[in-house]
Amino acid sequence: KNHCPFNINRARSDLPGGNSRNKGNKSTSLATGNYLIRDFELEARVPPQYIPQLMMEILCVGSSVNLDDQSSQAPVCQSAVMVRQTATRGAILLRLQRDEEFISEMLFWLGEFKSRFVDDGCMPKENFFWSDDPSSRYRKFLDQTKRLSESVTEVATIDNSDIQRQLSEKGRAPLF
């Protein structure tokens with residue numbers, strides 16, 4: 001996952017949606033104008049929105065046949081490695097372990113979405129599974145997603161100077 005280094009400069013009051021301060025943005029502005037460069041440290045976590053994608057990939061690869069042990073019923077794929085890279089801070093490699101309980105819940109919610117909206121041709125409303133009840137099944141699934149995002153193992157970090165970047169005619173092109 002390459003993190004885009006550019007962000008709309010919402011601190012500018014003359015831009016749509018802008019205001020005089022940049023609320024909640026942990027990035028450091030390295031440029032002025034309509035955009036700023038997000039210069040943030042990479043955390044040893046996978047953003048929660050990528051957990052279902054990684055688990056689906058683990059599920060799909062894991063259902064392959066283990067050619068070394070055809071008698072084994074265990075899934076071949078037990079984890080996924082994600083590389084998070086920025087334009088200014090290098091990269092971090094993270095391992096997410098397979099979680100059968102999460103995969104089962106993920107497939108349940110995928111099935112619910114299909115039966116409620118796809119099969120009936122209905123447009124889903126905003127936050128279609130949300131419940132204000134913190135003990136609801138969906139809220140538990142979201143909590144589980146967040147826990148998994150923070151439970152990854154750091155495999156390695158790569159300094160920005162060790163990452164090959166695109167060269168321009170004049171040498172190294174900044175941020176590419």
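Me: Why is Lys146 called partly exposed?
Reply: Lys146 has a relative accessibility of 45%. Buried means under 20% relative accessible area, exposed over 50%, and partly exposed in between, using a 1.4 Å probe and protein chains only, so Lys146 counts as partly exposed. Bear in mind that this is a predicted model, where local features need pLDDT of at least 70, side-chain atom pairs count only at pLDDT 80 or more, and totals for chains, interfaces and linings use all residues. Residues are numbered from 1 along each chain as its sequence is written, and side-chain values use heavy atoms, with hydrogens and water left out.

Me: What makes Lys146 and Glu150 a salt bridge?
Reply: The closest N and O atoms of the pair are 2.8 Å apart. A salt bridge needs a side-chain nitrogen of Lys or Arg within 4 Å of a carboxyl oxygen of Asp or Glu, so the pair qualifies. Glu150 is partly exposed too, at 46%.

Me: What makes Glu105 buried?
Reply: Its relative accessibility is 14%, so Glu105 falls on the buried side of the cut-off. Glu105 lies in helix H2 and Arg137 in helix H3, so the bridge ties together parts 32 residues apart in sequence; helices here are DSSP runs (H or I, at least four residues), numbered from the N terminus.

Me: How do you know that Arg98 is buried?
Reply: Arg98 has a relative accessible area of 15%, and so it counts as buried. Arg98 forms a salt bridge with Glu100, with 2.3 Å between the closest N and O atoms.

Conventions
Helix = DSSP H or I, 4+ residues; strand = E, 2+ residues; numbered from the N terminus.
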